[in-house]
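Look it over before reading on.

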Amino acid sequence: MRVDDITIDLNGHKLLLRNPEADDAQMLIDYLIQTSKETRFLAREPEEADISIEAETGFINYQNESENCLMLLGLLDGEYVGNCTLMGRTSMRCEHRASIAIALYQRFTGMGIGTKMLETLCAIAKEQGYEQLELEVVAENQPAIALYKKMGFEIFGTLPHNMKYRDGTYADVCWMMKTL
């Protein structure tokens, strides 16, 4: 799904949220690899993010052409900081629901960017007719959980051992939901 560019004032800085374009493919691959190295809270290992330009371009095109999926890149004063996604369900019984995700480079966390991205996703989801937003978050990721709770999401369950790391340890994941 495409939306018009959104410019937000963030403490005197300009946060631009926009759809990705094919020219962004390498930047997004580099971002996926780097953010996967920075934190254990994402669902992939760094080498899993090392995909081809063609595959990433195909993903970008799918997101932009989709009627129920949206990806927005965040640029703070022109510098890429991360992205957020909205993924709507397609079956009739579940089309009132959508999942969201946000990930930032670690150096940009705690600046209010995630809050602005989440506010934007919630507003777009509501405009699109979604009634319920859902997400999964690693239970140890307390800053993210605090953000989601601040925005009205509640924890409705925990998925034990949802992720397994190379060192043999596991991460539980919280399932959170918000009614729009």
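Tyr31, Tyr80 and Tyr105 form one aromatic cluster. Here rings of Phe, Tyr and Trp (its six-membered ring) pair if their centres lie within 6.5 Å; planes under 30 degrees apart are stacked, over 60 edge-to-face, and the rest tilted. Tyr105 also has a charge over its ring: the charged end of Arg107 sits 5.4 Å from the centre. Such a charge is NZ of Lys or CZ of Arg within 6 Å of the ring centre and within 35 degrees of the ring normal. Arg40 lies over the face of Tyr165 too, 3.5 Å from the ring centre.

This is a predicted model: local features need pLDDT of at least 70, side-chain atom pairs pLDDT 80 or more, while totals for chains, interfaces and linings use all residues. Residues are numbered from 1 along each chain as its sequence is written, and side-chain values use heavy atoms, without hydrogens and water.

By the ring rule there are five aromatic pairs. Tyr148 and Phe153 make an edge-to-face one, 6.0 Å centre to centre, with 65 degrees between the planes. Tyr148 is buried, at 7% relative accessibility. Phe153 is buried as well, at 2%. Buried means under 20% relative accessible area, exposed over 50%, partly exposed in between (1.4 Å probe, protein chains only).

Now the inside. The largest nonpolar core has 51 residues, and Tyr148 and Phe153 are among those with the most contacts inside it. A nonpolar core joins buried Ala, Val, Leu, Ile, Met, Phe, Trp, Tyr and Cys residues through side-chain atoms within 4.5 Å.
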